[in-house]
Amino acid sequence: MSNGVDGYAAGVSSGDLPPFTILPGQAGSGAEGWAMMELIHDLAPGAQLYFATANPTQAQFAQNILDLRTAGCDIIVDDVSYFAEGVFQDDNIAQAVNMVTADGALYFSSAGNSGNENDNTSGVWEGDFVDGGASVAPIPLTGNIHSYGGTLYNILTLAGRVTLKWSDPLGGSANDYDIFVTNSTGTSIAASSTNIQDGNDNPYEDVGNRTAGQRIYILKKTGAATRALHLNTNRGTLTFHTPGVIYGHNAAASAYTVAATPVSTPFSTPGSPTGPYPNALMQTIK
């Protein structure tokens, strides 16, 4: 399971990919699925291959997991994650993973390319909300600011997509948290996510892609209860960081989560390792 299998006929024609089955209407778009299946075919040349896209929604991804198992697939592999997937609770994709593994399948998922705490490249901060006092300018809303051991903001040291989740039920959050991103001096708002959680909402805020040097503030609105937080920069890095970058169905109890293999040229991140990938096609596509 990936984005799609565009151009796969060339792989079949060259003999690098055997004929395979695409679930009806689920070919997707893009070519990472083609690359993945060539790798799988090299590892297990006698395996019968099936494909279904993981796009365009979480709901379709979850359904296609179930449909692949119904079609007889004993081993299911994906390389896709959605930013909104649950951290503190299994959502629909993780539930689908647990269902197919309970039925006897094996499930393997990508851990992503978001660094790790051991190498000091984590872009996640997890922990309980700590009250740092009432909000002040330039934060425009009333409430209390989260404190990172006495500092009221976290600095994005490498650009990434900034999201916040907290430990309320999916679809049932009544505790309103917001994110504000300011310039590097904290004097003006660069972006914010201020969705209202009033009892039937996801505990989720997303300010999109932000640039290095910006400050990230977490606001607990007046009346909200203290919750565990998961701030994620999704391939970015933070001044204050913790373990916990793997989330969603990648962290399902019954899934095997596989770490990334580096490409044959350095990433833009300083100190990143070099490859190569085990397959030249994968290097080209990724």
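## Basis of the model

Residues are numbered from 1 along each chain as its sequence is written, and side-chain values use heavy atoms, with hydrogens and water left out. In this predicted model, local features need pLDDT of at least 70 and side-chain atom pairs count only at pLDDT 80 or more, while totals for chains, interfaces and linings use all residues.

## The chain as a whole

The secondary structure consists of five helices and 16 strands. Helices (H or I, at least four residues) and strands (E, at least two) are DSSP runs, numbered from the N terminus.

Of the 286 residues, 43% count as buried. Buried means under 20% relative accessible area, exposed over 50%, and partly exposed in between (1.4 Å probe, protein chains only). Among contacts (heavy atoms within 4.5 Å) between residues at least 6 apart in sequence, 74% join residues at least 24 apart.

Helix α2 covers residues 32-43. Its 12 residues should span 16 Å at 1.5 Å a residue, and its end C-alpha atoms are 17 Å apart, which agrees. The expected span is 1.5 Å times one less than the number of residues. Among the buried residues of α2 are Trp34, Met36, Met37 and His41.

Pro18 is in the loop between α1 (8-14) and β1 (21-22). Pro18 counts as buried, at 18% relative accessibility. Leaving aside neighbours within four places in sequence, Pro18 contacts Val12, His41 and Leu49. The C-alpha atoms of Pro18 and Gln48 are separated by 8.5 Å, although these residues are 30 apart along the chain.

## Aromatic rings

There are eight aromatic pairs in the structure. Rings of Phe, Tyr and Trp (its six-membered ring) pair if their centres lie within 6.5 Å; planes under 30 degrees apart count as stacked, over 60 as edge-to-face and the rest as tilted. Tyr8 and Phe20 form an edge-to-face pair, 4.9 Å centre to centre with 70° between the planes. Tyr8 lies in helix α1 and Phe20 in the loop between α1 and β1, so the pair ties together parts 12 residues apart in sequence. Tyr8 is partly exposed at 33%, and Phe20 is buried at 15%.

Phe129 and Tyr177 also form an edge-to-face pair, with 5.9 Å between centres and 70° between planes. Phe129 is in the loop between β5 (124-128) and β6 (131-134), and Tyr177 is in strand β10 (residues 177-182), 48 residues apart. Phe129 is buried at 6%, as is Tyr177 at 0%. Elsewhere, ring pairs link Trp125, Tyr148 and Phe240 into a cluster.

## Backbone features

The peptide bond from Asn55 to Pro56 is cis, with omega near 5°. Pro56 is in the loop between β2 (50-51) and α3 (58-70). Another cis bond runs from Ala137 to Pro138, with omega near 10°; Pro138 is in the loop between β6 and β7 (143-146).

Asn120, a residue other than glycine, has a positive phi near 60°. Asn120 is in the loop between β4 (106-110) and β5 and is exposed at 55%.
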